Amino acid sequence: MLADFAVRVEDTRGRRYPQAPHPFRNDFQRDRDRVIHARAFRRLNNKTQVFTRRYSDHFRNRLTHTIEVAQISRTIAGALGLNIDLTEALALAHDMGHPPFGHAGEKALDTIMRAHGFFFDHNLHALRLVEDFELRYIGYRGLNLTFEVREGIIKHSRDYDPAKFPELKEYLLDTRPPLEAQIIDLTDEIGYNTADLDDGSEAEILTLDQIRDGVPVFDRLYRETEKAHPQASKKLIFNAVIRKMLDRMVGDLVENTSRRVREAGVKTLDEVRKFPTRLAAFSDVVEAERAQTKAFLYENLYFSRALDSEKDAAERVITELFEHWVAHPEALPATHREKATKEPLPRIVCDYIAGMTDNFILSQHDKLITRNASPAG
């Protein structure tokens with residue numbers, strides 16, 4: 001049963017190019033499937049989340065992270081009475097716009113774009129992917145997703161100023177997104193805050209003592225679990241604590257969002273959209289724990305010296321290839337050369353790089369930059 005404030009598929013604002021209903025899948029289920037079958041989705045399997053495969057091949061990548069976020073999101077949506085199909089489609093699409101090399105790649109691409117008078121935003125790039133770059137259908141470009149999925153792709157994690165983004169006017173920038181979209185950014189945080197502690201420990205960049213000292217909620221749960229299972233190994237206790245942290249955040253998000261909706265007197269989707277702030281949120285206590293965990297990860301993992309060489313390499317590869325294709329647009333693929341006649345060249349080069357996997361961009365750098373820089377003979 002859907003809550004009164006949930007998005008109902010029968011009330012969708014529809015697709016840019018109208019299509020007849022499918023006999024046994026609703027529109028949001030079709031959107032979920034279109035995302036799964038998209039090339040951009042498949043490429044997530046070879047895009048860094050935090051660790052490249054230099055460390056191990058069992059750490060999370062963008063695809064496995066996305067699958068975890070989708071699983072968490074389905075659980076939360078079901079508990080809140082939201083539309084699970086829409087929520088799942090949004091969760092599966094939420095990272096499609098990320099470039100290679102994880103956060104380091106995104107920072108490098110934004111930096112070089114700003115040097116050319118533009119910027120890079122992975123949400124807006126994801127919208128370009130699903131509206132234009134995916135070529136799978138005869139009658140139109142893109143995936144022809146419903147309005148609600150396209151809106152959620154750009155609005156799930158931030159609000160855009162209508163005055164600064166007039167090209168996004170159709171996406172109701174002066175209103176909040178539905179709760180199905182609001183929870184995605186929070187489930188994303190649940191997913192990577194816990195997973196990155198796990199992977200950081202496995203990579204031996206984070207020690208158990210370091211995590212216990214820097215993440216109070218982890219330490220408290222560790223002591224409780226150790227007391228309840230004194231014979232268990234440290235690794236099994238660690239695993240149990242990560243699960244408890246995840247469950248704590250999920251339960252809190254469900255309970256606190258339900259409370260906020262009740263206290264706001266919100267009954268309908270229209271009231272969700274018109275509410276002054278987003279209604280999906282953690283409680284103050286768990287929000288403080290989330291912020292502490294995230295700050296710890298930034299200081300001790302994402303900006304750790306152990307990853308400096310990879311971040312430096314990502315910046316160098318992206319910058320050198322970007323400048324190469326800006327100087328030599330004839331070396332771009334034919335589809336991108338054609339697009340460059342209608343849009344600024346730096347934007348087209350950015351689109352090309354952002355769509356690459358880690359392996360492909362490294363092969364392009366080796367082919368176009370490294371080999372050309374090598375002395376003859």
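**View 1. Helices α8 and α11 pack side by side.** Helix α8 (residues 179–202) packs with helix α11 (residues 234–264) at an angle of about 165°, and their axes lie 11 Å apart. Angles over 145 degrees count as roughly antiparallel, and α8 and α11 are therefore roughly antiparallel to each other. Residues of α8, including Leu-186, Ile-190 and Leu-197, meet residues of α11, among them Phe-238, Ile-242 and Met-249 (contact means heavy atoms within 4.5 Å). The residues of this contact of α8 with α11 divide into 12 nonpolar, four polar and three charged.

This is a predicted model, in which local features need pLDDT of at least 70 and side-chain atom pairs count only at pLDDT 80 or more, while totals for chains, interfaces and linings use all residues. Residues are numbered from 1 along each chain as its sequence is written, and side-chain values use heavy atoms, leaving out hydrogens and water.

**View 2. Helix α3 and its buried residues.** Helix α3 (residues 62–80) has 19 residues and reaches 27 Å from its first C-alpha to its last, close to the 27 Å expected at 1.5 Å a residue. Among its buried residues are Leu-63, Val-69, Ile-72 and Ile-76 (buried means under 20% relative accessible area, exposed over 50%). The buried residues of α3 pack against α2 (39–43), α4 (84–93), α5 (102–115), α8 and α11.

**View 3. Two loop residues with positive phi.** Most residues other than glycine have a negative phi. Asn-144, in the loop between α6 (122–133) and α7 (147–155), has a positive phi near 55°. Glu-204, in the loop between α8 and α9 (208–214), has a positive phi of about 60°. Which of them is buried, and which is exposed? Asn-144 is buried, with a relative accessible area of 5%, whereas Glu-204 counts as exposed at 69% relative accessibility.

Conventions: Axes are lines fitted to C-alpha atoms, for helices over the stretch in contact, and angles run from 0 to 180 degrees between N-to-C directions. Helices (H or I, at least four residues) and strands (E, at least two) are DSSP runs, numbered from the N terminus. Angles under 35 degrees count as roughly parallel, over 145 as roughly antiparallel, 65 to 115 as roughly perpendicular and the rest as oblique. Ala, Val, Leu, Ile, Met, Phe, Trp, Tyr, Cys and Pro count as nonpolar, Asp, Glu, Lys and Arg as charged, and the others, Gly among them, as polar. The expected span of a helix is 1.5 Å times one less than its number of residues. Buried means under 20% relative accessible area, exposed over 50%, partly exposed in between (1.4 Å probe, protein chains only).
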